[in-house]
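Let's take a walk through this one together. Have the viewer open and follow along.

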Amino acid sequence: MKTFTIGGIHPPESKLTAGKSIVDLPLPRQAVVLLGQHIGAPAQLVVERGAVVKTGQLLAKAGGFVSANIHSPVSGKVSKIGEVTDASGYPKPAVFIDVTEDDWAEEIVRTEKLERECRLTPQEIVAKIAEAGIVGMGGACFPASVKLTPPPGKKCDLLIINAVECEPYLTADHRLMLEKGPEIVIGIRILMKALGVDRAVIGIEENKPDAIELMRHLTISYPAIEVLPLQMHYPQGGEKQLIEAVSGRQVPSGALPIDVGKVVQNVGTVFAVYEAVQKNKPLIERIVTVTGKSLKNPGNFRVRIGTPIADLIEAAGGLPENAGKIISGGPMMGKALVGMDVPVAKGTSGVLVMDEAESARKPVSDCIRCGKCIGACPMGLEPYLLSALAEHQIWDRLEKEHIMDCIECGCCTFTCPANRPLLDYMRVGKAKVGAIIRSRKK
Amino acid sequence: MNAILIALIVLGGIGLLLAIVLFSAAKAFKVEEDPRIGQVQAVLPGANCGGCGFPGCRGFAETCVKSDSLDGLRCPVGGDDVMKQVGVILDMVPAESKPKVAVLRCQGTCERRPRTNRYDSAPSCMIASALYGGETGCSYGCLGLGDCVKVCQFGALSIDPATGMPVVDEDKCTSCGACVKACPKGLFELRFKGPKSRRIYVSCRNKDKGPVAKKACETACIGCSKCQKACEFEAITIENNLAYIDFNKCRMCRKCVEECPQGSIVELNFPPRKKKEDAASVAEPKAAPAAEPKVAEPKSAPAVEPKVAEPQAATVAEPKAPAAE
C-alpha cells in the first residue's frame with residue numbers, strides 16, 4: 001500500500017467519534033464572525049453596525065486576490081463590530097451578530113435533492129467558488145479559487161482529493177464521506193471540469209475501510225475517479241506528503257503543488273464546492289469533531305461559523321472537571337485555546353478537550369543529538385538544529401537550513417525523547433524568517 | 001650524535017627560512033591603521049553590548065575616528081565621562097547628553113492582573129508571544145519569562161519572585177537597550193534618568209478600549225485622558241487608548257499621577273508628598289468606594305528598587321467602574 005517516503009510517525013489514532021453520525025448544532029444566540037479566517041488579506045467589511053442580515057448574506061468582501069468572502073452564518077442584527085480573541089490567542093476584528101430567526105437569503109436552494117448536472121463553464125465555476133468564500137477546509141484555509149486558477153504556463157494533470165484525515169481524534173471528513181458521498185462525487189466532477197483535468201484520485205487512509213468501500217461504490221460509473229487506499233502514516237494529509245504518496249512525485253523546496261502539475265483539495269472543501277455551485281450556498285457552516293477522552297458525549301456536529309466553542313462543548317456533554325486544555329484542531333497540529341469564547345472559523349476541523357494528565361508537558365532535558373527528530377521530519381529537515389538556531393536568533397542561518405519548508409506537523413516534538421519543545425522554537429523562527437523574506441521583496 | 005646534529009640544522013634552517021618569509025610578508029602587507037582607533041577602544045568599557053548601534057566597541061571606535069564630529073555618537077554604557085575621554089583623544093567635543101535608564105512599562109503583577117489560562121511551553125517570552133497573548137486578559141503586558149534578564153549583560157535586571165516581573169536596578173543599568181530589543185511586547189523604554197533620578201512615566205502598554213483594559217488589569221491605562229487634561233505642559237499624548245508622557249516636555253509636577261484613576265502613572269524616587277489632605281480631596285469627590293482598601297497599591301514599587309516613594313492609596317482610588325461590556 002502506498003505512502004510517502006521521508007519521515008513520518010504513527011501516533012495513536014484515538015478516533016472516538018468515527019461511529020457518530022453528524023448532528024446539527026442549534027443556532028448560537030450570538031454569532032461572532034472573524035474577518036480573517038483565511039490565509040491572505042483580511043476581508044473588507046460591507047455591513048455596518050445595526051444592519052439586519054440574512055443567513056448567507058455577504059458580510060465582508062475579499063480584500064485581495066488571495067483572500068476570501070465572508071458571509072453571515074445566521075440571520076439577525078449586527079450588534080457590534082469589535083474584536084474577539086481567536087485561536088491565535090490575540091484579539092482579532094470580528095462581527096457580532098445577535099441571532100433572531102433563521103431567515104436565509106432567497107437565492108440559496110435549501111432542498112436535499114441531488115443536483116447532478118452542472119452546465120457552467122470552468123470560469124463560471126471558479127467565480128462561483130470565489131463568490132462563496134470557500135477556503136481549504138483541512139485547516140490551512142487557503143482560498144480554494146486561487147488553487148483552481150493555475151498561473152499562466154502551468155497545467156494541472158491530476159486532481160487529488162485529500163480524504164486522509166491523518167490527524168488523531170478527528171473524524172469530520174470521515175463522517176462527511178459516509179453521509180454525503182454522492183454530493184462529494186459530484187463536487188469532484190465539478191472541480192475536474194473547473195481545472196480541465198481528466199483524472200482524479202481520492203486518497204483515503206486504510207483505517208477508514210467503510211469510507212473506501214462507499215467511495216469505490218459511488219465512483220464505479222466514473223472511471224476517471226480513482227479511490228486509492230493509503231497506508232496509515234502521519235502527516236499524510238499534508239499536501240506535499242499526499243502528492244508523493246499518490247503520484248510518487250516530490251514537490252521541490254519552495255515550489256507549489258501546481259509546479260508538479262497537481263492540485264489537492266480537501267474532501268470538506270469538495271462538499272462545500274458542491275453546495276456553492278449547485279445550491280448557491282456560501283461557506284457558512286462546517287462539520288466539527290468535538291472529542292476528548294473525558295467528554296461525556298463526543299460527536300460530529302454541523303456547526304454554523306461563528307458559534308462559540310463553549311456551545312460545542314456544551315453539546316458534547318459539558319466541560320469535564322479535569323479538563324486541562326481545549327485544543328482547536330487535532331492533537332498534533334491544533335492550537336490550545338485561551339478560552340471558550342473563541343468562535344468556530346472556516347478552518348476549525350475539531351475541538352479536542354484533553355484532561356490534565358494527558359495535556360501536561362513532560363520535563364524537558366538536554367538534546368543528546370540522537371537524531372530521532374531528523375528521522376521523523378517528513379520534509380527532511382533537521383529540527384534539533386533549527387530549534388537551536390531559532391533559540392539563539394540566528395535568522396540568516398535558519399533561512400539557509402530551509403526553515404520555510406517546515407509544515408509544522410509536530411513529528412519532531414512528538415518523537416523527541418528529551419521532550420524538547422522543538423516545534424515551538426521552529427514556529428517562531430519560521431515566522432521571523434518569513435517576515436524577513438517578505439520585507440526583502442518589498 | 002650525528003643524527004641529532006642533522007635534525008637540529010634542518011629544523012633550524014626551516015625555522016629561519018620561514019621566519020624570513022613571515023617577516024618580509026609582514027613588512028610587505030602591513031596594514032596601516034590609525035593608532036587612535038586602539039586608543040579610543042582602550043577607553044571604552046569593552047562590554048561589546050551594541051548599545052551604541054555599532055558592532056562592538058571596536059566598531060564604535062572605528063566610526064568615531066572616521067567621522068568628523070561626535071554628534072550622534074555616544075557610548076550609553078560609558079556615558080559622558082567616557083565620551084569626554086574619546087573627545088580628548090580625537091580632539092573633538094562630544095555632545096553632552098543626559099543619562100538614560102531602562103523602565104518597564106507594565107505593572108501587571110499577579111494580584112492586579114488575574115490569570116485566565118496557564119502557559120506550559122518553553123520558558124521564553126519570544127515563544128509565548130508567538131503562541132498567544134499571554135496568561136492574562138491583557139495581551140500587551142509582561143509575560144514574566146525573563147527574556148530581558150537573559151540579555152542584560154550588566155546584571156541590572158532580575159525577576160522579582162514576589163511579583164513575577166522584571167525589576168530594573170538603576171545603578172547597574174547602562175541603557176544599552178538590549179532589553180528594549182529583547183522584549184517581544186516592547187515594554188522597555190529608555191528614558192532620561194531625570195534630576196535626582198526622578199522619573200514619571202505611564203507604566204502600561206495596553207491599547208485595548210477602557211472597559212476591556214480595566215477588566216484585564218487593575219492598573220491598565222484606560223485612555224481616559226484625565227492626565228492629558230491635567231498636564232499644563234502638553235507633555236502627554238493619548239494614542240490608541242494609551243497615554244504617553246514625553247520626557248522632553250515633562251516638568252515633573254506630578255499632577256498627572258494624582259489624576260490617574262487607575263494608578264497607571266508611576267513616579268520614581270520622589271520624596272513623599274507633603275500635602276496629603278490635598279491629594280485626598282482631589283480623589284474623594286469622584287470616588288465613592290475610596291475607603292475600600294486596595295490590597296495591591298501600598299506596596300506598589302513596580303520597576304525599581306526600594307527607594308520608591310509610596311504613592312498614597314487615596315490618589316489611585318478607583319472611579320465608578322464602567323459597565324464591563
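In which loop of chain A does Gln393(A) lie? Look between helix 10 (383-391) and helix 11 (395-400) of chain A; helices (H or I, at least four residues) and strands (E, at least two) are DSSP runs, numbered from the N terminus. Before going on, some housekeeping: this is a predicted model, in which local features need pLDDT of at least 70 and side-chain atom pairs count only at pLDDT 80 or more, while totals for chains, interfaces and linings use all residues. Residues are numbered from 1 along each chain as its sequence is written, and chains are lettered from A and ligands numbered from 1 in the order in which they are written.

Gln393(A) has a phi near 60°, which is positive even though the residue isn't glycine. It counts as exposed, because it has 12 C-beta neighbours inside 10 Å. The cut-offs, with C-beta atoms placed from the backbone, are 20 or more other C-beta atoms within 10 Å for buried, 12 or fewer for exposed, and anything in between for partly exposed. Chain B has a positive phi too, about 65°, at Asn269(B), again not a glycine. Asn269(B) sits in the loop between strand 8 (265-268) and helix 11 (276-283) of chain B, and is partly exposed, with 17 other C-beta atoms within 10 Å. Why point these out? Most residues other than glycine have a negative phi, and most peptide bonds are trans. On the peptide-bond side, the link from Tyr234(A) to Pro235(A) is cis, with omega near -5°. Pro235(A) is in the loop between strand 11 and helix 5 (239-247) of chain A.

Now for some helix packing. Helix 1 (residues 122-131) and helix 3 (residues 172-195) of chain A pack at an angle of about 120°, their axes 8 Å apart. Axes here are lines fitted to C-alpha atoms, for helices over the stretch in contact, and angles run from 0 to 180 degrees between N-to-C directions. The two helices are therefore oblique to each other; angles under 35 degrees count as roughly parallel, over 145 as roughly antiparallel, 65 to 115 as roughly perpendicular and the rest as oblique. Pro122(A), Ile125(A) and Val126(A) from helix 1 meet Ile190(A), Lys193(A) and Ala194(A) from helix 3, where contact means C-beta atoms, placed from the backbone, within 7 Å.

Stay on helix 3 of chain A and find Leu191(A). Leu191(A) is buried, with 27 other C-beta atoms within 10 Å. Leaving aside neighbours within four places in sequence, it contacts Leu159(A), Gln265(A), Val270(A) and Val273(A). Val273(A) is 82 residues from Leu191(A) in sequence, yet their C-alpha atoms are 7.9 Å apart.

Next, helix 4 (residues 209-218) of chain A. Its buried residues are Ala211(A), Ile212(A), Met215(A) and Leu218(A). They cover an arc of only 135° around the axis, so they are on the same side of helix 4; the arc is that of the directions from the helix axis to the C-beta atoms. The buried residues pack against strand 9 (158-163), helix 3, strand 10 (200-205) and strand 11 (225-230) of chain A. On the other side of helix 4, Pro209(A), Asp210(A) and His217(A) are exposed.

Finally, chain B. It has 11 helices and eight strands, and 40% of its 325 residues are buried. Where the chains touch, chain A contributes 14 residues and chain B 12. On chain A's side, helix 13 (residues 422-441) gives the largest share, five residues.

Note on methods: Two residues are in contact if their C-beta atoms, placed from the backbone, lie within 7 Å.
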